Amino acid sequence: MELWFSEMHTENVKFSIKVDKQLCCVQSQYQRIEIFESYEFGRFLTLDGFMMLSEKDEFIYHEMITHVAMAVHPMAKNILVVGAGDGGVMRELAKYSQIEKIDVAEIDSEVVRVCKEFLPKTAVGFNDSRVQIFYEDGLKFVRSKDNEYDIIIVDSTDPFGPGEGLFSKEFYGNCFKALKPNGILINQHESPFYTKDAAMVKRTHKRVVQSFDTSRVYQAHIPTYPSGHWLFGFASKGLHPTKNLDATRWNALNIGTRYYNTNLHKGAFYLPTYVEELLSDVEDVE
């Protein structure tokens, strides 16, 4: 008998991966956490039945949510990561020696435990001595912060369930307050392809634009995510994602990546026409 994991991307579209076996199924206080072993994508993590990452393509997501900001901010030393219970963002941040502090606000300790056991290639990020985990709601955690972080990376689940508050106007306003001058906020912006997802993209970006002086969207191609076309948001109090990119400085660091590079960085902000049109009444696309 064949075993398949399937996720509904719309009422009419299903994404399926042939599975060898299920390695873990845990019901935490917040969500159902599952780890599967697949033939094509290696091990993968799902939360409440939604794909979060696979071993084969997670590097794309984690590099693009991390290195874009690090290549723009010249002196990033204090970082806040919201979510990221798999450890992949911290793995990428650990490549920068100038970082002094990496705070992680993750609501579900069970996600961290499961990923440490079954996804060590990403969870290795928790081993860095600069990482301090706070098992708290990111929305509440950031409320008490003021002028503390150079970069905030929001590696959240989708905008419902435990991650819903991380897509609110209140949260983005609190992130603005928590950032230092020239601070950068990065968040995952969902997919622009399917109708319901596109509506979430537009709503999320509108809320970010209301809080930040500079706000732009960039893209990556991640096979296991809905449509394979994924967006991220770059928001800042002063720095521009391409005008302030210091490619020479970043390349001199010799950071090892498999997807991100500084040429791709610039190209990622050139969006397809249908995405520009989606955002046209939210921001002036440059």
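Colleague: Which residue lies over the face of Phe 41?
Modeller: Lys 56 does, at 5.9 Å from the ring centre. A charge sits over a ring if NZ of Lys or CZ of Arg is within 6 Å of the ring centre and within 35 degrees of the ring normal. Arg 258 lies over the face of Phe 59, at 3.8 Å from the ring centre.

Colleague: Where do these coordinates and numbers come from?
Modeller: This is a predicted model, where local features need pLDDT of at least 70, side-chain atom pairs count only at pLDDT 80 or more, and totals for chains, interfaces and linings use all residues. Residues are numbered from 1 along each chain as its sequence is written, and side-chain values use heavy atoms, with hydrogens and water left out.

Colleague: What domains does the assignment give?
Modeller: Domain 1 (3-54) and domain 2 (58-283), with bounds that come from an automatic or database domain assignment. Their centres, taken over C-alpha atoms, are 23 Å apart. Domain 1 puts 24 residues into the contact and domain 2 puts in 23 residues; contact means heavy atoms within 4.5 Å.

Colleague: On to the inside. Which residues touch the most other members of the largest nonpolar core?
Modeller: Leu 45, Met 64, Val 81, Met 90, Leu 93, Tyr 218 and Phe 232, in a core of 65 residues. Such a core is a set of buried Ala, Val, Leu, Ile, Met, Phe, Trp, Tyr and Cys residues joined through side-chain atoms within 4.5 Å. Buried is under 20% relative accessible area, exposed over 50%, and partly exposed in between (1.4 Å probe, protein chains only).

Colleague: Which helix gives the most to this core?
Modeller: Helix H1 (residues 58-72), with 10 residues. Helices (H or I, at least four residues) are DSSP runs, numbered from the N terminus. Both domain 1 and domain 2 supply at least three residues to this core.

Colleague: And what is Met 64 in contact with?
Modeller: Beyond its neighbours within four places in sequence, its contacts include Tyr 218, Phe 232, Tyr 259 and Leu 264. There is also a second, separate core of 18 residues, with Phe 141 and Leu 179 among them.

Colleague: How many disulfides does the structure hold?
Modeller: It holds 0, where a disulfide is a pair of cysteine sulfur atoms within 2.5 Å. For Cys 115, the nearest cysteine sulfur is that of Cys 24, 9.2 Å away.

Colleague: Why does Cys 115 count as buried?
Modeller: Because its relative accessibility is 0%. Cys 175 counts as buried because its relative accessibility is 0%.

Definitions and conventions
Helix = DSSP H or I, 4+ residues; strand = E, 2+ residues; numbered from the N terminus.
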